[in-house]
Amino acid sequence: MNRTRCLFCGGIRQDPLTVRTLLLASTDPGFCRKCRKSLEPIDLRRCCLSCGRDLRLVDERFVSGSICSDCRYWEKSGRNGLFGRNRSLFTYNDGMKAMMTRFKFRGDALLAAGFKREFRSAYRKLKGSGRGIRRERLRAGERGAAKEKYQIVPIPLSQERLWERGFNQALVLAELLEEPLTHALIRQGSERKQSKKSRRERLSADKNPFLPDPEAAGSISGRKVLLIDDIYTTGATMRMAARALEAAGPLRIDSLTLVHG
């Protein structure tokens, strides 16, 4: 891997000179300024407190108390269970769509390395050891939340989808955190791709494709769980995964994704 080249376009990166870049002996894999500029980071100070959606992109008619209408729907449905909150790093704009197509559907798993620093930073904030987390928790009403480490659970693929893609994108992202992983979920059978389902189909899905792995699920009892996936769209996948884990007795279940669709 040529670390001076952009992971996406292959151009020279020309990283700006900072204290960090001057002190580091080597350059981490990443993207050039042009490719970075094509992405839209989500400002965590202006996101939905439940799903992490960028509220600057949502009509104010569909926002109530810093919670978007999708999340109000989940609250009313009674299907939240132990699922708490999601945080995502980027909005699914055209630039991210192009990157995700290559990463997810064309097998370019190396692209994930370009998001390592942001992904790890978001993880630190979620678990309570990053800058600004106290302010965010006060805003969310979590004054006494424990700074306990998460059990990290990547969202699994079905065997059919794993064979088709050659890798699990959620696992690749989870490995960026360089923390122990718990494979507490099994995805059973085969199903239609999420990208091919309509919004209504995703929200109304009642058949849960996930099962707890009996050999690993016990390790999450009484612990906080962090689900990892590439994209959060309606939240159905995360809630079904959380529902499958509830019998194991986790303390709470949150999630972290690269993108919010």
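Modeller: A cut-off to begin with: a residue counts as exposed over 50% relative accessible area, buried under 20%, and partly exposed in between. Keep in mind that this is a predicted model.

Biologist: Is Glu178 buried or exposed, then?

Modeller: Glu178 has 53% relative accessibility, so it counts as exposed. It sits in the loop between α8 (169–175) and β5 (185–187).

Biologist: What about phi of Glu178?

Modeller: Phi is near 55 degrees there, a positive value in a residue other than glycine. Ser66 has a positive phi too, near 65 degrees.

Biologist: Where is the place of Ser66?

Modeller: In the loop between β1 (63–64) and β2 (67–68). Ser66 is at 26% relative accessibility, so it counts as partly exposed.

Biologist: On to the sheet. What order do the four strands have?

Modeller: β3-β8-β7-β4, in an open sheet with parallel pairing. β3 (83–91) and β4 (151–154) are at the edges with a single partner strand each, so one side of each has no neighbour in the sheet. From one strand to the next, the twist averages 25 degrees.

Biologist: How many bridges pair β7 and β8?

Modeller: Eight, in the parallel sense, between residues 224–232 of β7 and 252–260 of β8. Leu226, for instance, has Asp254 in β8 as its bridge partner.

Biologist: Which strands does helix α10 touch?

Modeller: Helix α10 (236–245) packs on the sheet and touches β3, β7 and β8. Its direction makes about 155 degrees with that of β7. Helix α5 (116–127) lies across β3, β4, β7 and β8, and runs at about 155 degrees to β8.

Note on methods:
Residues are numbered from 1 along each chain as its sequence is written. This is a predicted model: local features need pLDDT of at least 70, side-chain atom pairs count only at pLDDT 80 or more; totals for chains, interfaces and linings use all residues. Side-chain values use heavy atoms; hydrogens and water are left out. Two strands pair if DSSP finds at least two bridges between them. Helices (H or I, at least four residues) and strands (E, at least two) are DSSP runs, numbered from the N terminus. Axes are lines fitted to C-alpha atoms, for helices over the stretch in contact, and angles run from 0 to 180 degrees between N-to-C directions. Contact means heavy atoms within 4.5 Å. Buried means under 20% relative accessible area, exposed over 50%, partly exposed in between (1.4 Å probe, protein chains only).
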